[in-house]
Amino acid sequence: MSKPSILSLQHVGAFYWRQVGYLRKEQFWALKDISFELYHGDSLGVIGRNGAGKSTLLRILAGILHPDRGVLINHGVQMALLSLQIGFVPYLTGRQNAVLSGMLLGLHKKEVIKKLDDIQAFSELGEFFDQPISTYSSGMSARLGFSVAFQLDPDVLLIDEVLGVGDSDFRRKSSAVMHEKIRSEKTIVLVSHSAETIRRLCNRAVWIEEGQTRAHGDTSEVLSAYEEYLSAKPQSRE
Amino acid sequence: MLSAHYRDLILYKTQADLRAEAAKTYIGFLWWVLDPLMFMMIFYVVFGLLLKRATPDFVPFLLIGLVSWRWFQNTISHGATAILGGRGLMQQVYLPKAILPLVVILTDLVKFGVVLGLMLIYLWSAGFGVGWSYLALPALLLSHFLLILGLTLLVAAIVPFVPDLRFLVEHLLQIVFYMSGIFFSGATIPERYQPYFYLNPMANIIEAYRDILLHRTWPNWSALAIVAALGSGISLLAYEFLTRNDHLYPKLVQR
C-alpha cells in the first residue's frame, strides 16, 4: 500500500472502573489488545458483537479516552465522533440548539451561525426551527440533530452504527448523504455489528472480539473470518 | 488556559442555561428573587418575632446575609453535580471538563447579579443610601467570587471520584450556614469564641457586606485580602487537578 498511514494503534488497551461492593473498585478492561492502521481515504469498518469494545474504541479514536496501555500514534489528524442531538436543551429553540450543539461538536460559533440556513433547509423544519424543541416530535429532533452533526467536517469522521435517522423520508435522505460521504475521499471509521453494512460501505475492516483484534485487512477477508466464527458459535447465545 | 473556542462555548452555554431556566417555569426568573425572599421571611418570623433576637434593621440585616449566602451555597452545591451532569456530553465529544463547573459558576453569577441589583434598590429605598464605603464593594465582590470559584471548582473536581462526598458537601454547607452569622452578628457572640467565628471566610464576607451596605464603614481589608488569596489558591489547585485528570472523568461517570 502506498497510501500514508494517518493513525496507528499498537496493542492499545483501556479500562473502566467498576464498583465492587461498597468501597472497592475494580478495573474492567473493555479493550485489551487492539492494533491496526488507518490510511488516508480509507473507509474502515469495525465489526464485532455487542460488548466487544467497539464504542470504547471509538472514544479512544475521538480523544475522549486515552489508552491505558499500548500506543496510539496520530500523524496530525483531527477526528470527531458523529454525535446526534448532542447537548440539546428542551426549552431552547431549534436555532439555539443548533448553535450549541455545533459548538459542542467543535465548530466555531461563527461557522455554525454561517451554516444555520443550510441546517434549517436540510432539516426541513421550516418555521419550527424557531420553536422550542420541547414542541418537536422525536422525528423532528432527530432531523435537527442529524442536520447539525452533518455540518461537521473533521479529517476523520467516526460513525457509530446509525446512518439514517428520523421518519422514513428523512431516513432515506440522511442515509443517502451519509453513504455519499463514506464513499467519497473522506477517511471514516464506521462501527457496526452488521456485516452487511460494512461489506457495502467499507474497503477495509477490523474485527474485534472481547477487546482484542481478531483480524484486520480487506473487508471480504475479515468478514468471512467473522462470519465463520459466528456460525461456529451456538446460535442460542447472542 | 482554555482556548477562545471553549470560552465562547462557556458563554453560549451559560446563556442557553439561563434562558432554559427562565422558560422552564411559569414565572421563570422571578424564582431567583423569590428564593432569598422566602428564606428571609422564614428567618424573620423565627428569629425576629418568635425568638425576639431581632437586631435593629433586622430585615435589611437578614437580607444581606441571605443573599450573599445563597450565592455561595447555590454555586457550590450546583458545582458538586456539574461533572456528573455532563456525563452524556463527555462520552460523545472531548471537552475540557473544567468547562462544566465554569458554566455553573457563571450562571449563578448572573443570577446573583440580578438579585444583588434588586437588593440594592430595596436598601436605597429603605433609607440606606450610597456612601463612600461603596468604593470597597468591587473588592468585596471579587474576594467573595474568588472564594466561590475556588470551592466550586474543588468540589466539582473531587466529587466524581467519591460520589458520596456530594452529601457531605450539602451537610457541611448547612453547618457553615449556621456559623456564618446570617441571622446574628459576630459582635453578639461571646468574646472568647469570636476568633474562631472569624476563621470562617463566609463570616468575614457577610460582615463586610453589612459594613459597606448598612453601616457604611470600610470593611476589614485584611480579612478580604486573606479570603481573596485563599480563593485564588484553591482555584489554581482545583483547576490544575481538573486538567490533570481530564481524561479520567469519562471513566468515572460511566453510569
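Predicted model: local features only at pLDDT ≥ 70, side-chain atom pairs only at ≥ 80, totals over all residues.
Chain A holds seven helices and nine strands, and its C-alpha trace spans about 55 × 50 × 40 Å along the principal axes. The radius of gyration of chain A is 19 Å, which agrees with the value near 18 Å that a compact globule of 238 residues would have. Of those 238 residues, 42% are buried. When contacts in chain A between residues at least 6 apart in sequence are considered, 65% of them join residues at least 24 apart.

### Confidence

The model as a whole scores ipTM 0.85 and pTM 0.90. Chain A has a mean pLDDT of 87, with 96% of its residues scoring at least 70, and chain B has a mean pLDDT of 92, with 99% of its residues at 70 or more.

| Chain | Element with lowest mean pLDDT | Element with highest mean pLDDT |
|---|---|---|
| A | helix α5 (residues 168-183), pLDDT 83 | α2(A), pLDDT 94 |
| B | helix α2 (residues 30-50), pLDDT 85 | helix α7 (residues 137-158), pLDDT 98 |

### The nonpolar core

The largest nonpolar core has 127 residues, and the members that touch the most others are A:Val46, A:Leu158, A:Val189, A:Ala205 and B:Ala156. Helix α3 of chain B, residues 58-80, gives the most to this core, with 11 residues. Because domain 1 and domain 2 of chain A both give residues to this core, the core lies between them. In soluble globular proteins, nonpolar side chains tend to be buried together.

A:Val189 shows what such a position looks like in detail: leaving aside residues up to four places away in sequence, A:Val189 touches A:Leu38, A:Leu44, A:Val46, A:Leu61, A:Val156 and A:Leu158.

One of the neighbours of A:Val189 is A:Leu61, a buried residue of helix α1 of chain A. Helix α1(A), residues 54-61, is mostly covered, with seven of its eight residues buried. Those buried residues are A:Lys54, A:Thr56, A:Leu57, A:Leu58, A:Arg59, A:Ile60 and A:Leu61. After α1(A) comes A:Gly63, with a positive phi near 85°.

### Where chain A meets chain B

The contact between the chains takes 24 residues from chain A and 21 residues from chain B. On the side of chain A that touches chain B, the elements giving two or more residues are β1 (5-20) and α2 (94-104). The most comes from α2(A), which gives five residues, and α2(A) is also the element of chain A with the highest mean pLDDT. By kind, the residues on this side of chain A divide into 15 nonpolar, seven polar and two charged.

### Individual residues

Most residues other than glycine have a negative phi. A:His11, in strand β1 of chain A, has a positive phi of about 50° although it is not a glycine. A:His11 is partly exposed, with 14 other C-beta atoms within 10 Å. A:Glu124, likewise not a glycine, has a positive phi near 55°, and its place is in the loop between α3 (109-123) and α4 (138-149) of chain A. A:Glu124 counts as partly exposed because 16 C-beta neighbours lie inside 10 Å.

In chain B, B:Val104 sits in helix α6, residues 99-125. B:Val104 counts as buried because it has 28 C-beta neighbours inside 10 Å, where 20 or more are needed. Not counting residues up to four places away in sequence, B:Val104 touches B:Thr75, B:His78, B:Gly79, B:Ala82 and B:Thr152. B:Pro219, by comparison, is 115 residues from B:Val104 in sequence and 29 Å from it in space, C-alpha to C-alpha.

Technical notes:
Residues numbered from 1 in each chain as written. Chains lettered and ligands numbered in written order. Core = buried A, V, L, I, M, F, W, Y, C linked by C-beta atoms within 7 Å. Buried ≥ 20, exposed ≤ 12 C-beta atoms within 10 Å, placed from the backbone. Helix = DSSP H or I, 4+ residues; strand = E, 2+ residues; numbered from the N terminus. Domains from an automatic or database assignment. Contact = placed C-beta atoms within 7 Å. Nonpolar A, V, L, I, M, F, W, Y, C, P; charged D, E, K, R; others polar. pLDDT = per-residue confidence, 0-100. Rg over C-alpha atoms; globule rule 2.2 N^0.38 Å.
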